[in-house]
Each structure stands twice: as structure tokens, then as C-alpha cells.
Amino acid sequence: MAEPIQLTSDVLVIGGGPAACWAALAAREAGCSVVLVDKGYVGTSGATAPSNTGTWFATTKERRAKLIAERVKSSEGLADLRQMGRVIDTATQHLHVLAERGYRFPRDDEGALYIANLRGPDYMRFLRQLLVRAGVTVRDHHPALELLTAGEVVAGAAGFARQLGQNWEARAGAVVLATGGCAFGSRILGATGLTGDGQLMAAELGARLSGMEFSSQYGIVPLHSSVNKGLPYFWASFYRADGSAIEIPPGERFAVLARESLSGPLQARLDRATGAVPDALRRGQPNCFLPFERAGIDPFAQLFPIALRAEGTVRGTGGLKRADDACGVGIPGLFAAGDTLERQDIAGAATGGGGPNASWAIATGLWSGKGAAAFAQRLGPRAAERPVRPAGQVGLRPAADARALDPAEAVALVRAEMLPVERNFFRRAPTLNASLSRLDAAWATLRDHGQGEGATAFRLREAAALLASSRWAYRAAAARGETRGMHRRLDAPAGTPALAHRLTLAGIDQPVLSFDRPPQEAAAS
Amino acid sequence: MIEILSASRCTACNVCVKACPANVFEAVPGSVPVIARQADCQTCFLCEIYCPVDALFVAADPEHVTGITEDAVVAAGLFGGYARALGWKKGREGGADADPTHRLRQASLTAMPTGPRSPAP
Ligand SMILES: Cc1cc2nc3c(=O)[nH]c(=O)nc-3n(C[C@H](O)[C@H](O)[C@H](O)COP(=O)(O)OP(=O)(O)OC[C@H]3O[C@@H](n4cnc5c(N)ncnc54)[C@H](O)[C@@H]3O)c2cc1C
Ligand code: SF4
Ligand code: SF4
């Protein structure tokens with residue numbers, strides 16, 4: 001293979017979704033040179049690009065207080081009031097910055113700018129244009145495989161330029177990980193690159209995770225499609241295969257549908273949409289209608305089959321634990337943003353979808369970019385001359401003899417363990433432990449024998465990251481012996497006040513779990 | 001999954017090769033690109049709107065190849081359908097400012113049969 005491509009900058013951003021773009025813009029505005037490497041193409045990759053996202057913002061004090069109060073309730077005791085306020089304020093300000101720079105938000109019927117929704121393809125293409133205008137070096141199809149360290153400090157990353165067939169090495173004064181969540185191989189919109197790579201790379205250096213048990217959110221898709229957009233189902237009724245209607249008590253939609261899905265196929269019809277709604281849905285959320293149009297179905301009039309698809313940590317809340325307000329993760333020189341971070345601050349035990357996640361990506365993107373810039377500036381211009389060592393382990397540097405392994409096998413295992421409703425949505429100690437023993441065995445094989453070059457190394461690293469996130473998720477799910485938010489334990493169906501605390505994981509091989517405040521202490525106080 | 005790259009419509013501009021986030025297409029010197037890694041397709045439909053001449057068709061099924069033919073896509077008028085719905089033209093963005101999603105929010109605040117807990121975004 002040819003010599004690696006060499007890239008040098010003050011700040012390196014890894015990822016190409018909104019969090020990565022905002023991080024790159026913030027670092028650039030702070031006066032740093034910035035390289036951004038994405039696994040896919042900045043503009044189409046990540047969860048936002050194909051989806052459309054609602055945003056979380058407040059232009060009045062009253063609305064801000066209301067948004068926070070709503071989330072305090074649904075978070076089931078795990079959210080952080082101060083961080084919610086910071087996120088809402090920063091995102092609101094920067095949604096207006098987007099408008100000022102030329103993003104074409106629509107206006108509502110009163111003529112006011114409507115910043116509550118971002119059209120995925122337009123928003124991401126616009127962010128790409130801002131990066132180019134700002135002078136950020138954008139490298140598409142350059143997945144990062146591992147971090148580089150200078151002593152204890154993160155000093156860059158290395159990866160594979162998959163369209164050039166060449167390795168790359170990037171030196172930087174600070175690194176931002178914005179590689180998104182982990183979708184466990186689920187076929188949902190935008191999930192192709194979302195294998196949890198950033199979580200693995202950071203954990204290899206000792207970063208900790210939290211909220212990984214909240215990785216059991218499921219979305220509705222028209223059967224045989226990838227379109228897990230929730231909005232149209234606001235106006236849906238649900239039916240069994242025999243056409244009988246499924247009663248859904250308020251707030252119980254997913255639990256009821258998940259239970260029903262175990263006994264037979266499900267159907268839906270958007271028959272609660274009346275008046276202006278069908279037209280606004282069709283024109284406002286056209287991606288939702290692609291499966292219907294292509295199958296010749298009128299979803300407002302006809303029943304159509306649906307399925308539930310796992311959404312991993314993308315609409316869950318688990319990820320790297322934030323160590324400070326600048327989105328450092330406790331390793332000098334390393335910052336993280338967006339879905340790579342845990343989002344219990346804003347969502348707790350509930351999903352952060354529907355607005356908070358999009359605003360979190362903006363806010364944490366900005367904070368991490370600024371934090372990385374300040375770190376790099378303190379190091380000065382000669383940071384790139386430090387001797388570095390690669391930090392990647394599993395899939396790159398086997399603990400025992402190297403063997404030819406098929407990464408697709410590990411991916412298939414992750415899908416089999418993490419996607420079924422009866423394993424992940426409804427959890428029980430025996431199924432969690434059975435899954436864990438198989439996932440652990442696959443992890444051990446990859447750890448002991450996995451090694452590859454180029455495209456094989458890339459796929460092995462994705463497999464390692466998928467396995468790592470799956471093992472964290474089920475370990476945390478096994479340790480949280482109660483039901484809270486999206487984490488539903490059939491063998492412990494109630495919430496336990498003593499467990500109303502966040503659960504932290506440290507380590508990959510043998511993760512150590514601890515509640516942020518020991519349950520005994522909480523119970524005693 | 002991506003199923004059709006129409007050789008008769010395609011101008012070999014290779015935009016799809018660059019823009020597909022899953023790296024599904026492969027450029028072919030002197031010819032139109034090929035769908036080289038179909039199984040990697042994430043069924044995001046975005047290559048369709050990036051193609052300047054509406055030469056691509058993505059079937060909705062992310063797991064199985066449906067085998068739909070180019071003639072059937074033409075007959076159903078499906079080439080360029082997503083771009084038209086968004087207001088994108090010739091691979092360029094457009095139409096975000098005409099998005100009527102705000103009407104959904106209004107509608108969700110009034111007269112919801114089963115009363116969702118919070119309004120639609
Ligand atoms: C269908 C759907 C609808 C949604 N709707 C909403 C909504 O209405 N409101 C809301 O708030 N949220 C919503 N979300 C969630 C929201 O899209 C995400 O929270 C948001 O995209 C997170 O941004 P991000 O930049 O952190 O990650 P992503 O946008 O997922 O981007 C991750 C990026 O990292 C790159 N990457 C991954 N690994 C590597 C690597 N090894 N090297 C280099 N690059 C890498 C990927 O290519 C990608 O570009 C929705 C999600 C989905 C799937
Ligand atoms: S984008 Fe369209 S025209 Fe260009 S190479 Fe791809 S299919 Fe052909
Ligand atoms: S649908 Fe998406 S993933 Fe599939 S080929 Fe087109 S751009 Fe690539």
C-alpha cells in the first residue's frame with residue numbers, strides 16, 4: 001500500500017453530521033485550522049441528512065420553562081436542568097445564525113420564521129457550504145479507525161481513505177469525536193455509518209460511558225422500508241392483521257405496539273389526519289411518503305403493514321460521558337459532540353428524538369469545537385511535531401495470533417441480539433445474559449485474532465465498535481434491575497427510587513459498572 | 001435499496017459516486033458508474049436528489065432486491081419523484097422555504113382525537 005496521506009491542523013473533527021459541522025465551524029471561528037474527516041459524504045451522511053429533524057428552541061422565557069418542565073417529567077429523574085437551559089439557549093441562538101447566513105427556513109402563516117424544523121438534505125448541504133466558505137478542509141469517505149496519542153494526550157487520528165485505497169494520518173492539537181450514535185446494524189434512515197466508532201476509540205483511552213441501558217427505542221416503519229419517521233403516526237390508528245383496532249392509552253403507543261407485534265403483524269392507517277394535515281404531511285415530510293408512493297398505497301385511506309425497528313443509541317440516550325462544559329471526555333485533547341455523547345442531561349431515560357437531539361448536536365458541536373480550539377491554541381503551532389502512537393486495539397492489533405475473520409459474522413450477531421423486540425424492547429435477566437455470553441465470545445475472538453489492512457481493517461473496526469456498544473448496552477440493562485423510561489424489565493416492571501441515578505461504565509473488555517451515587521447511600525439519605 | 005442506474009439517462013458525472021454516504025457506486029473510466037456494493041445501500045434516497053438528470057431509482061425495501069425494471073419506473077413516473085416533492089432540481093437544493101410543516105404543529109395543537117402529550121415539531 002502507498003504511504004499514508006498526511007493531514008495536519010490545529011483541530012481535527014471526526015464525523016460529518018450536524019455535530020461535526022458545528023464543531024468545525026466553531027473551531028474555525030476561534031481562529032484554528034480545521035480538518036474534518038467523514039466516513040461518508042458531508043451532506044448526506046449521518047442520521048439527520050435523510051430524515052428531517054424537529055428542533056428544541058425557545059424564543060420566550062415561558063416556552064423555555066415549559067420545555068424544561070416537560071422533559072424533567074419524561075426523563076424520570078435523570079435530566080440536568082442547567083444543561084437543558086444551556087442547550088436550548090445555544091441552539092436557539094444558532095438556529096437564528098443559520099437563518100442569517102442564508103439557510104432558507106420557511107415562514108408560518110403569520111409570516112414568522114419557522115425554525116422548529118430542519119429539512120435534512122437541505123440543512124446538511126447548507127452546513128457543507130458553510131464549512132467550505134469558512135475554509136475547513138473536508139475529507140469525505142475518510143473513516144477514522146483509531147486515535148493517535150502523544151504521551152497521555154490525544155494528538156490525531158488514523159484511518160482509511162476508502163475511495164483512494166490509501167491510509168491517512170492526521171495530526172492535530174485537539175480532536176473532536178462526532179461520529180454519531182450506534183444503530184446496532186438496524187436498517188433505519190442514515191444508519192449505515194453509525195456503528196459507534198467514536199465511543200470505541202475514546203473508551204480505548206479510558207473514556208467512560210453512561211446511559212447505555214437506554215438503547216431500546218424503536219421506531220415505526222412501513223413494512224419493508226427504512227423510513228423510521230415518527231411524525232405521520234401522530235395521526236395514525238393501528239390495527240391487527242384481522243382488521244380489529246388496537247386501543248392505545250395515551251403515552252403507551254410503543255409499549256402496546258411492541259406487545260402486539262409479538263403476536264402478529266401490525267397495520268396502520270393515517271385516518272386521524274383531516275383538513276390541512278394530509279397535504280401538509282405530504283409536502284412537508286415527503287420522505288415519509290416514498291415507501292407509499294413506490295408501493296401505490298394511499299396511507300390516508302388504506303391500511304398498510306408496519307413494523308418496529310430498533311434505533312439503537314440514535315434515538316436512545318447512551319454514549320460517552322461528558323466530563324466538563326466544553327464537552328471534554330476526561331482525556332486531554334479529546335472532545336465529543338452530538339450522539340457520540342450520552343444525552344441523559346436533556347432526555348434522561350426517554351428518547352431525545354423530536355427536537356432535543358438536534359439541538360444537542362448544535363450546542364455540543366459548538367462547545368466541543370470551541371473547547372478543542374482553546375486546547376490546541378494552548379499547545380501552540382508545534383503540536384503536530386510531537387511523536388505519536390496509535391491507540392487502536394481490537395480489530396487492528398490482535399492479542400494473540402492473527403486470523404482471517406469475517407466482520408460480517410459479527411455484524412449479523414449484533415443484529416440478531418440487539419434488534420428483536422423480544423430481546424431488546426422487553427428485557428429480562430436470562431435473555432440479556434444469554435445475549436451477553438454470545439456477544440462476549442464474538443468480542444474475544446475479534447480481540448484475540450482480528451487484524452486486517454485497508455478496507456478489511458475498516459470493517460473489522462466497525463464490527464468491534466458494534467460489539468462494544470452492544471455489550472455496554474446489555475451490561476447496563478442487566479445492572480439496572482428496574483423499569484425506567486425506555487428501559488423495560490419484564491422481571492422488574494416497576495421503578496425503584498433508589499436507582500434514580502445514572503449508570504456509568506468504565507472499560508471495554510471487562511466493563512466496571514457503577515451508579516453515579518450508590519443506591520444504598522441514596523436510600524439511606 | 002438502490003436498484004436502477006439508467007445508462008440511457010446518466011451523463012457519467014460521477015456525482016452519485018461522491019455523494020452516496022455508503023460508497024455504493026464505483027466510477028468506471030470512460031463510462032457510467034456501476035452499483036458495485038448494493039447490499040451496503042442504506043435506502044436513504046439521497047443519491048436520487050443529487051443526480052442532476054434523475055437517472056437513479058431507489059426501491060423502498062432496504063433488505064431485499066425487488067427486481068423492479070427501468071420500464072416500470074418510467075411507466076409509474078417515479079424517476080425524480082423525491083426531488084420533485086422536495087423542490088430540488090438538477091441535483092440542486094430548493095424548496096426548504098416552502099415547507100408547510102408549521103401547519104402540522106398547528107393541527108396537532110387543536111382537535112387531536114387521542115391527545116398526544118406534546119405538539120408535533
Ligand atoms: C429517522 C430519524 C428522525 C429523527 N428525527 C429527529 C427529530 O425530529 N428531532 C431530533 O432532535 N432528532 C431527530 N433524530 C436524531 C438526530 O438525527 C440525531 O440526533 C443527529 O443526527 C445527531 O447528529 P450527530 O452529528 O451527532 O450524528 P449523525 O448525524 O448521525 O452523524 C454522524 C457522522 O459520523 C460519521 N462517522 C461515523 N463513524 C465515523 C468514523 N469512524 N470516521 C469518520 N466519520 C464517522 C458518519 O458518517 C456521520 O457523518 C432523528 C433520527 C432519525 C434516524
Ligand atoms: S449522478 Fe446521475 S448522471 Fe451522475 S453519474 Fe450518477 S447516475 Fe449518472
Ligand atoms: S439510497 Fe443512499 S445509500 Fe443507497 S445508493 Fe442511494 S445514496 Fe447510497
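Which residues come nearest to ligand 2?

1. The structure is a predicted model. Around ligand 2 there are 14 residues, and B:C10, B:C13, B:N14, B:C16 and B:C51 come nearest.

2. The shell of ligand 2 comprises twelve nonpolar and two polar residues, with no charged residue in it.

3. Turning to the interface, chain A contributes 62 residues to the contact and chain B contributes 58 residues. About 5,200 Å² is buried between chain A and chain B, and carbon and sulfur atoms give 56% of this area. On the side of chain A, the residues that lose the most area to chain B are A:R125, A:F234 and A:R294, which together make up 15% of what that side buries.

4. Seven salt bridges are counted between chain A and chain B. A salt bridge joins A:R459 to B:D40, with 3.3 Å between the closest N and O atoms.

5. Several helices of chain A supply at least two residues each to the side that touches chain B: α2 (61–74), α4 (120–134), α7 (277–284) and α8 (286–295). The largest share, six residues, comes from α8(A). By class, the side of chain A that touches chain B has 23 nonpolar, 19 polar and 20 charged residues.

Conventions. Residues numbered from 1 in each chain as written. Chains lettered and ligands numbered in written order. Predicted model: local features only at pLDDT ≥ 70, side-chain atom pairs only at ≥ 80, totals over all residues. Heavy atoms only, no water. Near = heavy atom within 4 Å. Nonpolar A, V, L, I, M, F, W, Y, C, P; charged D, E, K, R; others polar. Contact = heavy atoms within 4.5 Å. Buried area = accessible area lost by both parts, 1.4 Å probe. Salt bridge = Lys/Arg side-chain N within 4 Å of Asp/Glu carboxyl O. Helix = DSSP H or I, 4+ residues; strand = E, 2+ residues; numbered from the N terminus.
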